[in-house]
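Open the model in your viewer and keep the selection tool at hand. The stops below follow one another.

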Amino acid sequence: YGDFLLCNVYFPNGKKDDVRLQYKLDYYDAFLDYALKVRKQGKKLIVCGDFNTAHNEIDLARPKENVNESGFLAIERAWMDKFVKAGYIDTFRAFNNSPDNYTWWHMRTAARERNVGWRIDYFFVAESLKNNLIHAHITPHIQGSDHCPVTLEIKA
């Protein structure tokens with residue numbers, strides 16, 4: 001898209017076992033290498049998708065109860081920190097630092113009705129696009145999945 005590249009990515013889930021968790025972490029590292037390569041080529045990167053990790057405590061309803069669960073493990077969250085330090089902005093948090101904003105809810109426990117969720121779906125942009133941000137939204141009222149849509153508005 002002209003000056004930027006849009007990557008819509010589904011990052012692996014690591015809950016099955018330690019082998020799957022390592023696969024997820026390796027995938028994260030490979031993606032970061034790709035993102036850095038794209039940036040070196042002069043492209044601005046927008047990354048959206050299911051990262052399968054809640055980055056910070058504010059990003060899930062019950063952080064203390066989930067600290068040992070894949071999706072909120074310290075090692076997964078450390079990669080998210082590394083991604084941000086590499087020059088990527090969590091666009092939703094650029095506009096909204098309120099708790100209770102989630103993008104995924106467990107379907108079998110009626111978690112959505114109680115808003116006991118996780119924010120694992122993101123739009124990240126390269127810092128070079130910071131001045132292009134207009135707004136980022138989470139739309140929990142849109143049904144049809146255990147996830148809800150997230151949107152990003154940018155100016156050209």
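Which residue in E2 is the bridge partner of Leu-6? Select Ile-46: it is the partner of Leu-6. Before going on, note that this is a predicted model, in which local features need pLDDT of at least 70, side-chain atom pairs count only at pLDDT 80 or more, and totals for chains, interfaces and linings use all residues. Residues are numbered from 1 along each chain as its sequence is written, and side-chain values use heavy atoms, with hydrogens and water left out.

Show strand E1 (4-10) and strand E2 (residues 44-50). Strands (E, at least two residues) and helices (H or I, at least four) are DSSP runs, numbered from the N terminus. E1 and E2 pair in the parallel sense over seven bridges; two strands pair if DSSP finds at least two bridges between them. Now pick Tyr-10 and look across to E2, where Asp-50 stands opposite.

Widen the view to the open sheet of four strands, with the order E1-E2-E6-E3 and mixed pairing. E1 and strand E3 (88-90) stand at the edges, each with a single partner strand, so one side of each has no neighbour in the sheet. Neighbouring strands here are turned by 20 degrees against each other on average, direction ignored.

Colour E2 by accessibility. Six of its seven residues are buried, so E2 is largely enclosed by the rest of the structure. Buried means under 20% relative accessible area, exposed over 50%, partly exposed in between (1.4 Å probe, protein chains only).

**The helices on the sheet**

Select helix H1 (residues 18-40), which lies across E1, E2 and E3 and runs at about 175 degrees to E1. Next comes helix H2 (residues 74-85), packed on the sheet and touching E2, E3 and strand E6 (121-126). The direction of H2 makes about 30 degrees with that of E6. Axes are lines fitted to C-alpha atoms, for helices over the stretch in contact, and angles run from 0 to 180 degrees between N-to-C directions. Contact means heavy atoms within 4.5 Å.

Stay on H1 and pick Asp-29. Asp-29 is partly exposed, with a relative accessible area of 32%. Not counting residues up to four places away in sequence, Asp-29 touches Trp-79 and Lys-82.

**Two positive phi values**

Most residues other than glycine have a negative phi. Go to Asp-100, in the loop between helix H3 (91-95) and strand E4 (104-105). Phi of Asp-100 is near 70 degrees, and the residue is partly exposed at 46% relative accessible area. Then pick Asn-115, in the loop between H4 and E5. Phi of Asn-115 is near 55 degrees; its relative accessible area is 28%, again partly exposed.

Where is the largest pocket centred? Select Arg-62, Asn-66, His-106, Val-116 and Trp-118, the closest to its centre of the 15 lining residues. The volume of this pocket is about 250 Å³. Helix H4 (111-114) and strand E5 (117-118) are the elements that give two or more residues to the lining. By class, the lining divides into six nonpolar, four polar and five charged. Ala, Val, Leu, Ile, Met, Phe, Trp, Tyr, Cys and Pro count as nonpolar, Asp, Glu, Lys and Arg as charged, and the others, Gly among them, as polar.

The second largest pocket holds about 160 Å³ of space. Of its 14 lining residues, Asn-13, Lys-15, Asn-52, Trp-104 and Ile-120 are the closest to its centre. The classes there are four nonpolar, seven polar and three charged.

On a 1 Å grid over the protein atoms alone, a pocket is an open set of points with protein on both sides within 12 Å along at least five of seven lines, a cavity is a set where a 1.4 Å probe fits but cannot get out, and lining residues have an atom within 4 Å of a point. Grid points are joined across faces, edges and corners, and a volume is the space filled by probe spheres set on the points.

**The cavity**

End inside. The structure holds one cavity of 30 Å³ or more. The largest cavity has a volume of about 50 Å³. Select its lining, including Asp-90, Phe-92, Arg-119, Tyr-122, His-137 and Val-150. H3, E6, strand E7 (133-138) and strand E8 (150-154) each give two or more residues to the lining.
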